[in-house]
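Please read them alongside the coordinates.

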Amino acid sequence: MGIPVLYGVEPSPPVRAVKLTLAALGLQYEYKLVKLLEGEHKTAEFMQKNPQHTVPVLEDEGQYLWDSHAIMAYLVRRYGKDDSLYPKDFIKRAIVDQRLHFETGVLFQGCLRNIALPLFYGNDVEVPRAKIDAIYEAYDFLEVFLADQPYL
């Protein structure tokens, strides 16, 4: 059995989330940098691994998974020694799922991606105030979520 291979870029929050999960599991893995600015994620070879041409991508036992949440859930289910990261208790698991959906729907897509893509790939040179206000609102929610626990 080989070790998993993670394809990604360091500045990517979804890639970092998967790396945190791998670290929490104490799992060894190989890391392969994907040169997004050079279009490496749009090559035929990469798109065979992930037709959505996004990072992260996890290769494990000849299978490819993408989407950080799917990857993290897979890793915890396959390699976790207990259910502490993804509880079997329905309420506790629902809270984990809610936080994952909050991260992808509100934090990443709603705030970071909607700001970063127009700046990096468009002609936008200024971030509208409404988008900045959305980040502050999302961070206020984070403060509530973190009030009684050390991590999201």
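1. A nonpolar core is here a set of buried Ala, Val, Leu, Ile, Met, Phe, Trp, Tyr and Cys residues joined through side-chain atoms within 4.5 Å. The model is a predicted one. Its largest nonpolar core has 20 residues, of which Val18 and Leu75 touch the most other members. Strand E1 (5–8), helix H1 (13–25), strand E3 and helix H3 (68–79) each supply at least two residues of this core. H3 gives the largest share, five residues.

2. Leucine 75 is in contact with Val18, Thr21, Leu22, Leu25, Leu27, Leu58 and Gly80, leaving aside neighbours within four places in sequence. A second, separate core has eight residues, including Leu107, Cys111, Leu142 and Phe145.

3. Helix H4 (residues 90–121) has a kink of about 45 degrees, centred on arginine 113. Buried in H4 are Arg99, Phe102, Leu107, Cys111 and Ile115, and the buried residues of this helix pack against helix H5 (129–145). The N-terminal end of H4 is capped by aspartate 89, with a side-chain oxygen 3.1 Å from the backbone nitrogen of isoleucine 91.

4. Glutamate 59 deserves a separate look. This residue sits in strand E3 (residues 57–60). Glutamate 59 is buried yet has no salt bridge, and the nearest side chain of opposite charge, lysine 32, is 5.4 Å away. What the side chain of glutamate 59 does have is a polar contact with the side chain of tyrosine 7 at 2.8 Å, and another with the side chain of tyrosine 64 at 3.4 Å. Leaving aside neighbours within four places in sequence, glutamate 59 is in contact with Pro4, Val5, Tyr7 and Tyr64.

5. The count of salt bridges is five. In one of them, lysine 32 pairs with glutamate 30, the closest N and O atoms being 4.0 Å apart. Both partners count as partly exposed: glutamate 30 at 37% relative accessibility, lysine 32 at 34%.

6. Glutamate 45 and lysine 49 form another salt bridge, with closest N and O atoms 3.7 Å apart. The two are four residues apart in helix H2 (residues 44–49), so about one helical turn separates them. Glutamate 45 counts as exposed at 57% relative accessibility, whereas lysine 49 is buried at 11%.

7. In H5, aspartate 133 and arginine 129 lie four residues apart, about one turn of the helix. Their side chains meet in a salt bridge of 3.0 Å, N to O. Aspartate 133 is partly exposed, with a relative accessible area of 38%.

How values were computed: Residues numbered from 1 in each chain as written. Predicted model: local features only at pLDDT ≥ 70, side-chain atom pairs only at ≥ 80, totals over all residues. Heavy atoms only, no water. Buried < 20%, exposed > 50% of the residue type's maximum accessible area, 1.4 Å probe, protein only. Lys, Arg positive; Asp, Glu negative; His and termini not counted. Polar contact = N/O pair within 3.5 Å; in protein donor to acceptor, adjacent residues only side chain to side chain. Contact = heavy atoms within 4.5 Å. Bend = angle between axes of the 7 residues up to and from the residue.
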